[in-house]
Amino acid sequence: MWDQIEQSLHQSVERVFTKVAMLLPGILAFFLALLVFLAVAWLAAYLVRRILVAMRFDDRLHLERSALIEWSPSQTPTLIVGRIVFWVCLLAGVVVGLSAFEAASAESLLAGYLLAYLPRLVGAVLILLVGNLVARFLSRTVLIGAVNMNLQYARLLSSGVRWLVLVLTAAMVLDHLSIAGGIVDLAFGILFGGIVLALALAVGLGSRDLVSRSLEREVTRPQEPVPEEKLHHF
Amino acid sequence: MTERLQVPVAVEVQNERSGEADLLIGVASPVSVEKLLTASRAAFQSLALAAPSLRCVVAYPRDPQEQPSENGAHPEERPGLRFVPYLPPPGQPSVVPSLASPASLRAIELIATSAGVGACVIVSPDLAAVDAQTIQSLTNPIFENQWDLCMPVYATGALDDLLNKSILSPLTRALYGRRIRSPLAADFGVSAAMLGTLAEGAAGGRIGSQDALVWPAVEAARTENRVLQAHLAVRHDAQNEGLDLSAVLAGVLGSLFGEMDRNASIWQRIRGSQAVQTSDNPTAPVAASDAVDVRPLIDSFHLGARNLQEVWSLILPPITLLELKHITRLAPDQFRIPDTLWVRIVYDFALAHRLRTISRSHILGALTPLYLGWVASYVLELSATSSSAVEPRLELLAQAYESGKPYLLARWRWPDRFNP
């Protein structure tokens with residue numbers, strides 16, 4: 001009895017070691033591919049940056065008031081392009097490394113699944129990043145614009161815009177990852193529809209008198225002369 | 001390049017009829033042609049009394065739909081007076097429509113070169129400056145004493161021209177060392193050579209994109225041209241009414257900060273300032289208007305302080321934010337923004353604009369509540385003094401800009417250094 005248990009344990013340990021031994025070349029191949037592509041990515045980014053600097057890429061974009069500068073003000077366009085090249089190369093390295101891992105380990109399930117899912121994952125990360133950037137930019141734009149228009153609820157407006165964009169981004173990310181697609185579509189539709197309906201009801205019922213009074217006032221108001229501005233800014 | 005191809009339509013007309021002229025009156029913004037013809041004829045008649053041999057060219061932007069006449073002659077022309085319409089530059093108009101855009105200035109310069117004029121007067125489209133006395137004030141120093149640029153000194157009230165008084169004039173004085181009262185004037189006289197320099201600056205990209213503004217006083221300081229000022233009895237009250245304050249503030253300051261960035265190697269070497277010679281007698285100052293309710297201005301400042309802390313904290317150092325916080329707690333009648341604080345705020349915004357700490361449109365937009373706070377503080381301060389105290393008050397502000405320049409220099413050169 002004891003011998004049988006011992007034998008089974010030995011066989012299990014052997015299988016584990018065999019498995020590890022089989023995986024090791026794959027892991028090694030993965031890291032090797034990653035290292036090579038890291039070097040390639042660094043070199044490619046460096047070369048692209050040098051070429052763009054030589055072409056005075058930043059100056060040209062500045063003259064044309066590129067939207068890229070507005071969206072990412074702390075980075076120069078050359079740096080941004082350099083970084084994009086770097087990460088694309090590195091991503092390619094991960095994909096190649098995974099293929100090498102798959103070939104070396106002869107286990108196609110994990111790598112195949114990951115490889116098939118990787119583009120979606122990358123797309124989702126990109127959507128998330130862009131969504132965050134857009135949410136931050138738009139909320140700040142709305143906040144500053146509303147403050148300059150003397151709107152007391154400037155922060156509320158700004159937060160509303162931010163969350164609207166973030167919710168939209170989250171829905172897009174989940175949809176892109178094919179995670180509970182049906183539920184996300186439904187929930188998003190209900191949420192947005194609900195917000196619009198709530199606003200319509202708030203204006204139509206809650207503020208009906210206010211709106212009608214305001215409209216009547218606009219229609220019946222006599223043309224008053226505009227008071228002369230005492231302060232002249234320019 | 002496309003811009004430069006658009007302009008010669010006017011010059012073709014001019015070349016066909018090329019002839020010498022002495023003076024060019026240029027309007028750089030859309031203008032009522034009827035009003036221009038009437039004002040120009042009246043001014044020319046008065047000028048011709050003093051100088052019968054004067055030959056004058058009036059350049060103005062024509063309606064793009066209108067076709068130039070076959071022989072180029074304008075039916076309203078008189079001997080010695082010619083009208084040359086030019087095709088206005090395409091694209092968005094300037095953020096302040098009364099100010100010359102670089103493209104319009106290039107068109108006027110081409111006409112001036114073709115006509116071989118000795119001096120040129122750029123006038124605002126409200127044509128308040130198109131009268132004999134004003135034109136003489138702006139051009140006589142150029143004709144007689146070979147000055148390069150003649151900038152106006154307008155007779156303004158204490159509550160007029162506030163953007164210029166709070167930022168434009170004292171900042172350009174501190175940077176470029178010349179005490180010019182209106183560095184961004186709608187009317188100015190310029191020699192043919194200096195006009196060429198201005199237009200060259202516009203074409204060469206120093207003035208920047210097409211919707212940038214032309215800063216003649218800055219260009220004169222950059223190229224070390226001789227500048228004079230002339231007192232003018234001209235007022236431009238109505239022409240800029242209705243413009244959005246934050247948009248104008250962003251446009252004008254964005255352009256000025258851009259000039260700062262381009263000319264950093266020049267203004268970093270300049271210390272102190274020198275008075276600029278001013279011709280003619282000062283015109284009577286405009287009487288002080290009634291009391292102004294500063295409550296809305298202070299409310300705008302408080303609204304900004306409540307909501308824009310996140311943005312301000314990216315631009316201003318902690319000590320400035322703390323001082324602003326103290327100011328928000330002051331009672332309305334004690335509301336004051338000290339000059340030193342205001343100067344540091346302007347310098348920090350200029351630096352943030354240079355470093356692109358956040359989007360430039362956000363940086364410039366976030367300055368509006370602070371500017372309104374300064375206006376409130378200035379109005380409250382002046383309400384307790386007589387009208388004669390305005391000039392000394394503005395001189396103190398200008399000196400604060402000058403004494404704060406080392407702070408700007410330090411932050412400009414070492415922006416990452418610890419700044420509490």
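Analyst: R140(A) counts as buried, at 12% relative accessibility. Keep in mind that this is a predicted model. The side chain of R140(A) meets that of E310(B) in a salt bridge, 3.3 Å from N to O. R140(A) sits in helix α5 (residues 108-148) of chain A and E310(B) in helix α12 (residues 309-315) of chain B, so this pair joins two chains.

How far to trust the chain A side? Mean pLDDT for chain A is 80, and 80% of its residues reach 70 or more. Among its elements, helix α6 (residues 154-176) of chain A has the highest mean, 89, while helix α3 (residues 67-71) of chain A has the lowest, 55. Where pLDDT is low, the predicted coordinates should not be read in detail.

Another one is between R173(B) and E395(B), at 3.0 Å from N to O. Here R173(B) belongs to helix α6 (residues 162-176) of chain B and E395(B) to helix α17 (residues 390-403) of chain B, so the pair ties together parts that are 222 residues apart in sequence. R173(B) is buried, with a relative accessible area of 7%, and E395(B) is partly exposed, at 29%. These two are also linked with E402(B) in a network of salt bridges.

Then there's R411(B), which forms a salt bridge with D348(B), the closest N and O atoms being 2.5 Å apart. R411(B) lies in helix α18 (residues 405-413) of chain B and D348(B) in helix α14 (residues 339-355) of chain B, so parts 63 residues apart in sequence are tied together. Both ends count as buried: R411(B) at 15% relative accessibility and D348(B) at 1%.

Chain B also holds the largest nonpolar core, with 84 residues. Among those with the most contacts inside that core are L171(B), W312(B), W342(B) and F349(B). Leaving aside neighbours within four places in sequence, W342(B) is in contact with residues including I167(B), L370(B), W374(B) and Y401(B). Apart from that core lies another, of 64 residues, among them L81(B), A112(B), I122(B) and A129(B).

Now for the sheet in chain B. It's an open one of eight strands, in the order β3-β2-β1-β4-β7-β5-β8-β10, with mixed pairing. β3 (81-86) and β10 (278-279) of chain B stand at the edges with a single partner strand each, so one side of each has no neighbour in the sheet. β1 (residues 23-27) and β4 (residues 119-123) of chain B pair in the parallel sense over five bridges, and I25(B) has V121(B) as its bridge partner in β4(B).

Six of the six residues of β8(B) are buried, so that strand is largely enclosed by the rest of the structure. β8(B) runs parallel to β5(B), joined by six bridges, with V153(B) standing opposite H231(B). β8(B) also pairs with β10(B) in the parallel sense, over two bridges. Helix α8 (residues 216-223) of chain B lies across β5, β7 and β8 of chain B, running at about 140° to β5(B). α8(B) is mostly covered, with six of its eight residues buried.

Key: Residues numbered from 1 in each chain as written. Chains lettered and ligands numbered in written order. Heavy atoms only, no water. pLDDT = per-residue confidence, 0-100. Helix = DSSP H or I, 4+ residues; strand = E, 2+ residues; numbered from the N terminus. Core = buried A, V, L, I, M, F, W, Y, C linked by side-chain atoms within 4.5 Å. Buried < 20%, exposed > 50% of the residue type's maximum accessible area, 1.4 Å probe, protein only. Contact = heavy atoms within 4.5 Å. Pairing = 2+ DSSP bridges. Axes fitted to C-alpha atoms, helices over the stretch in contact; angles between N-to-C directions. Salt bridge = Lys/Arg side-chain N within 4 Å of Asp/Glu carboxyl O.
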